[in-house]
Amino acid sequence: MQENDRDLLPEGLGDRLVQQAWTSQTVRRAAHDVLASHGYARVETPVLEFEKALAHRMAGVQVRRMFRFVDPVSLRMLALRSDITAQVARIAATGLAEAPRPLRLSYSGQVVTIKGDGLDPARERLQVGAELVGADSTEAVAEIVELAIETLRAAGATGVSVDFTLPDLVDTLSAGALPLPAQNIEAVRQMLDAKDAGGLVDAGGEAYLPLLYAVGPFDTAIERLAAFDAENTQERGVLASRIAALRAIAARVSGKARLTLDPSERHGFEYQSWFGFTIYADGIPGSMGRGGTYSILGQTGRNPEAATGFSLYPDPLIESLSAAAGEERRLFLPLGHDREVASRQRAIGWVTVAALSEADDALALGCSHKLEGGEAVAL
């Protein structure tokens, strides 16, 4: 590396300067205040773990997205975490295995991947989330969706919308109602995900075409899905329980967010089971996070335990909020100032900056006011 490249950061990684760092902490604090108020106890996990622990606690975890290297102490393969959910699953299955269920846990921290997602080059992101372990009932899912909306709004997001999906829809239908050869199932999933009608027919999934139109605002899309279930499956009503659950979840969060439905969406739902959702906010490109139901494997890789949760990735929100933040109230304290007065000023909301020498300049230090005669005087 050339001498003038020594301060460059790798692609997809970056610093947060003063305003961004302050906003990040504010967002994280607001999120955890909401999660704690709903009984979700906070846990913290290491940034490094053995690869096997991260990769095998939950189905669908993508090892190829992780940075991996050999631990010089144990000579075993280590990995940087790419998703904290798998670590919380480990905690639930080991250290908290005997804790009463349902178990409510929350977390936040940085995660790292080898490559960014789609057009987003970021390889390090803040992840904030909650997991409800021991339940994936309609009531549990409704609690998680409602909590995700409240958490995101408390963090500063506006115009929240939620898109519901059924990640195992093709598996459920192909197992009986709309049979598919085993070798065609993945292709049908991909064509539904891509909304490719021609490709879906070529993959042998012509019977699945109506699912491409059961998409959009929730009230309209759920009726189309119900009609598909009643008219197009060999076992009429095979999706009835799923549809009833979707209606109940939607009723729980009605008025708190815009709701849409895309029942065959699979992208980003590698380990979710019967229910998944993506959450968005106005003015923020892309999704803010995802959630849904999944299973945690026991210590022997058996005895799976049902769970429901969500993960938010608030970095774009942090950037948006920090860019729109107003000027901070900063009060310059000259040499020899009254410390009791300064303490009272901080108590009422001032950020104080104390002079260390006569050469210190209030304006240069970003102060809008100066303490004079016990009062804050505008500069």
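Thr45 counts as buried, because its relative accessibility is 16% (buried means under 20% relative accessible area, exposed over 50%, and partly exposed in between, with a 1.4 Å probe and protein chains only). The model is predicted, so local features need pLDDT of at least 70 and side-chain atom pairs count only at pLDDT 80 or more, while totals for chains, interfaces and linings use all residues. Residues are numbered from 1 along each chain as its sequence is written, and side-chain values use heavy atoms, without hydrogens and water.

Thr45 lies in the loop between strand S1 (41–42) and strand S2 (48–50). Helices (H or I, at least four residues) and strands (E, at least two) are DSSP runs, numbered from the N terminus. Leaving out residues up to four places away in sequence, Thr45 touches Arg81, Ile84, Gln87 and Ile91; contact means heavy atoms within 4.5 Å. Two of these neighbours also make polar contacts with the side chain of Thr45 through their own side chains: Arg81 at 2.9 Å and Gln87 at 2.7 Å. A polar contact is a pair of N or O atoms within 3.5 Å; within protein, one must be able to donate a hydrogen and the other to accept it, and residues adjacent in sequence count only if both atoms are side-chain atoms.

Helix H5 covers residues 169–177, and its buried residues are Leu169, Val170, Leu173, Ser174 and Ala177. Seen down the axis of H5, these residues fall within an arc of 125 degrees, so they line one face of the helix. The arc is that of the directions from the helix axis to the C-beta atoms. An α-helix has 3.6 residues a turn, so residues three or four places apart point the same way. The buried residues of H5 pack against helix H6 (185–194) and helix H8 (218–231).

In H8, the buried residues are Phe218, Ala221, Ile222, Leu225, Phe228 and Asp229. Their arc, seen down the axis of H8, is within 120 degrees, so they too line one face. The face turned away from the buried side of H8 carries exposed Asp219 and Glu231. Partners of the buried residues of H8 include H5, strand S7 (161–165) and helix H9 (240–253).

The protein chain holds 11 helices and 16 strands. Of its 379 residues, 45% count as buried. Among contacts between residues at least 6 apart in sequence, 65% join residues at least 24 apart.
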